[in-house]
Amino acid sequence: APTGIRIRPAEAGDLEAIHAIYDGYNRGRPIAVERSAAYWRDWIGLTEVRLARPDGMRVAVNGGGRVVGYITVHANFYNGHQITEDYAYVSELGVLGGQAASGAHVAASDEDQRTCRAVAFALLRAAAEMARAAGKQELHVSIALDPAVRSAAERLFETSTEDATRGCMARLLSHTGLLRSLLMEWNGRWLEAGRPECDTAFETPYGPVLLKTQGRLLEVEAVDSAASALSQAELFRLLFATALAAEIGRSPAERRLFEALFPPFAGVYYGADGF
């Protein structure tokens, strides 16, 4: 058991801390929704009234009394869901400082990583105990597969199976708008990687878009045709971190470019967002 960490039911006074942990844990993580206070209240349904009557949310508290993580557990998948499967369900988890320990471009100290592992372990152990108390033999988790989560699973569960979703429904709504909105972030990664050159085109519903790498900075340009453009699906797989650069890149130069622009992250889409 990790020392100095206590798990208790979430309370009304924890709301602000939960919001902050979610924001930090998912900052930069592909697919995760940016949640406003109104979104938390009206769509997620997490309010002070609900937290006053905890129904499956637990928080981790450190020795100083600070909330350092939270987890949402459903003994029967979700309230009102009539099923006979023998499992409980974790729909969300957040750990203070967890993104720093898992992000590809953010260094985390050994102490920070140990703390993240300890908090994740304590939260998932509490979820497992809740599942067993409800008579369940399995725990299904729909959360980011960070190193801390994988480590906890190895220690807690008799067996585990990974079945990560690799597909989604998505479509570009603008010919060049999405890629151009990413240029500031991409240029920083590209410069840091030594300006790898490999002009690459992607198909869109409106015609191909060319990512130009020969200039001082990256550029995005709509073109009439492109003989070897990658598909829109391959672009989204790279953006949402459901594929690695080595899987999509067709040449060493293209793989170097994709490794710079699309670093691996533990992307996650939480079921509570539900659309």
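How many of the five residues of strand β2 (residues 57-61) are buried? In this predicted model, five of the five are buried, so strand β2 is largely enclosed by the rest of the structure. In a regular strand, side chains alternate between the two faces of the sheet. In β2, M57, V59 and V61 point one way, whereas R58 and A60 point the other way. Both sets of residues are buried.

Strand β2 pairs with strand β1 (residues 6-9), to which it is joined by four bridges in an antiparallel arrangement. Within β2, A60 is the residue that stands opposite I7. Strand β2 also pairs with strand β3 (residues 67-74), again in the antiparallel sense, over five bridges.

A separate feature concerns the surface of the model. I31, W43, Y269 and F275 together make a nonpolar surface patch of about 430 Å². Of these contributors, W43 is located in helix α2 (residues 37-44). The relative accessibility of W43 is 45%, and this residue therefore counts as partly exposed, since the partly exposed class lies between the limits of under 20% for buried and over 50% for exposed residues. The residues of β2, in contrast, are buried, and this applies to M57, V59 and V61 as well as to R58 and A60.

Key
Residues numbered from 1 in each chain as written. Predicted model: local features only at pLDDT ≥ 70, side-chain atom pairs only at ≥ 80, totals over all residues. Heavy atoms only, no water. Patch = residues over 30% accessible without salt bridge, like charges linked within 9 Å, V, L, I, M, F, W, Y side chains within 5 Å. Areas by Shrake-Rupley, 256 points an atom, 1.4 Å probe, with all protein chains shown as cover. Salt bridge = Lys/Arg side-chain N within 4 Å of Asp/Glu carboxyl O. Helix = DSSP H or I, 4+ residues; strand = E, 2+ residues; numbered from the N terminus. Buried < 20%, exposed > 50% of the residue type's maximum accessible area, 1.4 Å probe, protein only. Pairing = 2+ DSSP bridges.
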